[in-house]
Amino acid sequence: MSSFKITLNELDTPVKVLFTGYLTTVAIGYLFALIQILFTHGMADGKFGLSIDDIVYSYYGNRSGTVLENKLAGSMKGKASEQETFKIIQWVRDGASHNEFVNGGVDKIIEAKCVMCHNEGAAGIPDFEEFENIKELTTEDEGATFSSLTRVSHIHLFGISFIFMFVGLIFSFSTSASSYYKSIAIGMPYAFLIIDILSWWLTKLHPMFASLIMVAGAGMGISFAFMWLVSLKEMWFMEKDWFCKVESLCKKKFKILFKISTKSIEFIRMTVIPKSIALVKGLFSWIFNKMK
Ligand code: HEC
């Protein structure tokens, strides 16, 4: 092998822009994936935020109830009024017969409150215009079905391995760590990805594996954040050999720059950050209310 080496710091600016564009876009994608998890799995127990219960309900199921009941207490909470929800649950507990469905007026509730989403045209969610499809959901909740797990497993394995292919490739040109530690950082997300998907299937069989999903998910996130931060730092913020002589113009410029920076950091810390946090909080509750 020749000793041909590329380092992130020495890359041409266009390549740095390319890498930075990719890393930024993927990070935003990651953020949306997390929000998606919060709104689907996170709501499985009816409470906002991700817990072990959410994971158990999503994969193993909440076997004390039927799918319809659990969804109405979870991510479908608030889609119908409390009274209507109660009526649907009553109907399920009374045996979910077709007769009662029509006579009890449950069909009208479904028609008015659910069919706008749960119709023929909707992909991936059951069509409630057919009685059979509702009836199916009145059996014991066994969590994710094998067919949905198969589908999501292969999509995740193919898709996420591609993301880590490029994030890892970019990171492999970094110089902060030795080859040994870099190899560990690059290999870790793949190990966590496989453990994550494997643990979905294990949790489907037994709820005790739910915490493994959390650990693997967190591991993947940490490896991603680490490679992302190191890569960006080395491309744009690597210390260069710039040094100013005392009392030189360079030194004065640097002093001014330093003053401006401390002032702006102060401004960001005291004003921008609190305002941003308030904004994000407001945005979150707005999205949350929209989706209810
Ligand atoms: C705003 C659109 C929307 C409305 C209105 C809506 N749903 Fe849903 N429903 C969804 C989506 C999206 C999913 C899939 C994500 C999830 O499971 O949370 C879903 C999933 C479900 C599931 C799980 C299906 C499965 O196969 O696991 C049930 C049960 C359900 N809804 C019942 C209802 C009932 C009952 C109503 C009316 C009271 C209702 N939904 C109203 C969008 C909607």
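The shell around the ligand divides into 11 nonpolar, 3 polar and 3 charged residues. For that tally, Ala, Val, Leu, Ile, Met, Phe, Trp, Tyr, Cys and Pro count as nonpolar, Asp, Glu, Lys and Arg as charged, and the others, Gly among them, as polar. Heads-up: this is a predicted model, where local features need pLDDT of at least 70 and side-chain atom pairs count only at pLDDT 80 or more, while totals for chains, interfaces and linings use all residues. Numbering starts from 1 along each chain as its sequence is written.

**Ligand shell**
- In total, 17 residues surround the ligand, where being near means that the C-beta atom, placed from the backbone, lies within 6 Å of the molecule.
- K71, S75, A80, C114 and C117 are the closest of them.
- Helix α3, residues 67–73, gives the most to this shell, with 4 residues.

**Overall build**
- You're looking at 11 helices and 0 strands, with helices (H or I, at least four residues) and strands (E, at least two) taken as DSSP runs numbered from the N terminus.
- The protein is more spread out than a compact globule, because its radius of gyration is 26 Å, well over the 19 Å that the globule rule gives for 292 residues.
- That radius is taken over C-alpha atoms, and the globule rule is 2.2 Å times the number of residues to the power 0.38.
- Along its principal axes, the C-alpha trace spans about 90 × 50 × 35 Å.
- Buried residues make up 20% of the 292; buried means 20 or more other C-beta atoms within 10 Å of a residue's own, exposed means 12 or fewer, and partly exposed is in between, with C-beta atoms placed from the backbone.
- Of the contacts between residues at least 6 apart in sequence, 63% join residues at least 24 apart, a contact being two C-beta atoms, placed from the backbone, within 7 Å.

**Helix α10**
- Helix α10 (residues 210–236) has 27 residues and reaches 40 Å from its first C-alpha to its last, close to the expected 39 Å, which is 1.5 Å times one less than its number of residues.
- Its buried residues include A210, I213, M220, F224 and M227.
- The buried residues of α10 pack against α1 (13–39), α2 (52–59), α8 (146–171) and α9 (179–205).

**Nonpolar cores**
- A nonpolar core is a set of buried Ala, Val, Leu, Ile, Met, Phe, Trp, Tyr and Cys residues joined through C-beta atoms within 7 Å.
- The largest one has 25 residues, and I55, V56, Y59, V167, I170, I213 and M220 touch the most other members.
- Helices α1, α2, α8, α9 and α10 each supply at least two residues of this core, with the largest share, 7 residues, coming from α10.
- Apart from this core lies another, of 9 residues, among them V67, M76, V92 and A96.
- Ignoring neighbours within four places in sequence, I55 is in contact with H41, T203, A210, I213 and M214.

**S58 and A144**
- S58 lies in helix α2 and is buried, because 26 other C-beta atoms lie within 10 Å.
- Not counting residues up to four places away in sequence, S58 touches H41, A44, G143 and A144.
- A144 lies in the loop between α7 (131–136) and α8 and is partly exposed, with 19 other C-beta atoms within 10 Å.
- Leaving aside neighbours within four places, A144 is in contact with S58, Y59, L149 and K204.
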